[in-house]
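Please read the points with the model on screen.

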Amino acid sequence: MAENQKVLFHSTIFGPIHSRRLGTSLGINLSPDDGKICSFDCLYCEAGYNAQGAGKSGMPGIEKVLSDLETKLREMKESGENLDVITFSGNGEPTLHPEFSEIVDGVKALKDRCFPNAKVSVLTNSTRIFTPKVAEALKKVDNNILKLDSAVEKTFRLVDRPNDPGLTAEKVIEGLKQFAGTGIIQTMLLRGKHGNEEVDNTTPQEVEALIEAYKAIRPAGVMLYSIDRATPEERLQKVEREELLEIAKKMEDATGIPVSVS
């Protein structure tokens, strides 16, 4: 798919799906179900570019999110289904929702009633970690999974394309330090071309910069992954698992931080 690629999820609650990182996962989409709202415009986003627009449905209110989730959890429990995790993901950045913190509290309460052994995860692009209320909500979940795709400014801007021109890789790394020992850093490794520019965050220089960033942040763990589905920039290439494992070992040896590959 190219630039006309559209959003993936057309409901507030989706799944359960099998996540290669998290297991049997029930997803929560806090973005519109007919559009995309995100503070990044990543070259590799499976939900497409932001240019497709935010749609007409708007973000779901907290009442709808919790009502739809409760209905689905009850259905799963009654049918004897398993659930490993409830994951905030979807068609954009979940922490942009104005009621994100309150929704996290509500989701945790519902989860405890229906599937007490399940975890709550948030996949965030790290752009809202500077908002205290959002940061505190992220600290409440079991798996606070925070994006850092490059510690090199040029690559960070090329791959993630932040909406805020004042957001830098250095600022993100500094902000991520507040999650030392608890947060999980997620890094997408890829290579290819965008326009006339080469895209590659697997070079020795890029890997070394990430190692230094991980040392500064001191997360509980790091997740490395690569492209798994169609991306809006068609000239991106998947980094194969064998190479990911080699990079992961180098990072783990250098930092002492567990690095997983999915």
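1. Basis. This is a predicted model, in which local features need pLDDT of at least 70, side-chain atom pairs count only at pLDDT 80 or more, and totals for chains, interfaces and linings use all residues. Residues are numbered from 1 along each chain as its sequence is written, and side-chain values use heavy atoms, leaving out hydrogens and water.

2. The sheet. Eight strands would be listed as S1-S2-S3-S4-S5-S6-S9-S11: this is the order in an open sheet of 8 strands with mixed pairing. Strand S1 (13-19) and strand S11 (259-261) each have a single partner strand, so one side of each has no neighbour in the sheet. From one strand to the next, the twist averages 25°. Strands (E, at least two residues) and helices (H or I, at least four) are DSSP runs, numbered from the N terminus. Two strands pair if DSSP finds at least two bridges between them.

3. Strands S4 (residues 119-124) and S5 (residues 143-147) run parallel and are joined by 4 bridges. Leu 123 stands opposite Ile 145 in S5.

4. Asp 160. This residue lies in helix H4 (residues 153-160). Is Asp 160 buried or exposed? Asp 160 is buried, at 1% relative accessibility. Buried means under 20% relative accessible area, exposed over 50%, and partly exposed in between (1.4 Å probe, protein chains only). Asp 160 touches Phe 40, Lys 147 and Asp 149, among others. Contact means heavy atoms within 4.5 Å. Phe 40 and Asp 160 are 120 residues apart in sequence, yet 5.7 Å apart from C-alpha to C-alpha.

5. A buried salt-bridge pair. Asp 149 forms a salt bridge with Lys 147, with the closest N and O atoms 3.7 Å apart. A salt bridge is a side-chain nitrogen of Lys or Arg within 4 Å of a carboxyl oxygen of Asp or Glu. Asp 149 is buried at 1%, and Lys 147 is buried at 11%.

6. Other salt bridges. The structure holds 17 salt bridges. One joins Asp 105 to Lys 140, at 3.0 Å between the closest N and O atoms. That pair links distant parts of the chain, with Asp 105 in helix H2 (residues 100-114) and Lys 140 in helix H3 (residues 132-140). Asp 105 is partly exposed at 35%, as is Lys 140 at 37%.

Note on methods. Axes are lines fitted to C-alpha atoms, for helices over the stretch in contact, and angles run from 0 to 180 degrees between N-to-C directions. Lists of a residue's contacts leave out its neighbours within four places in sequence.
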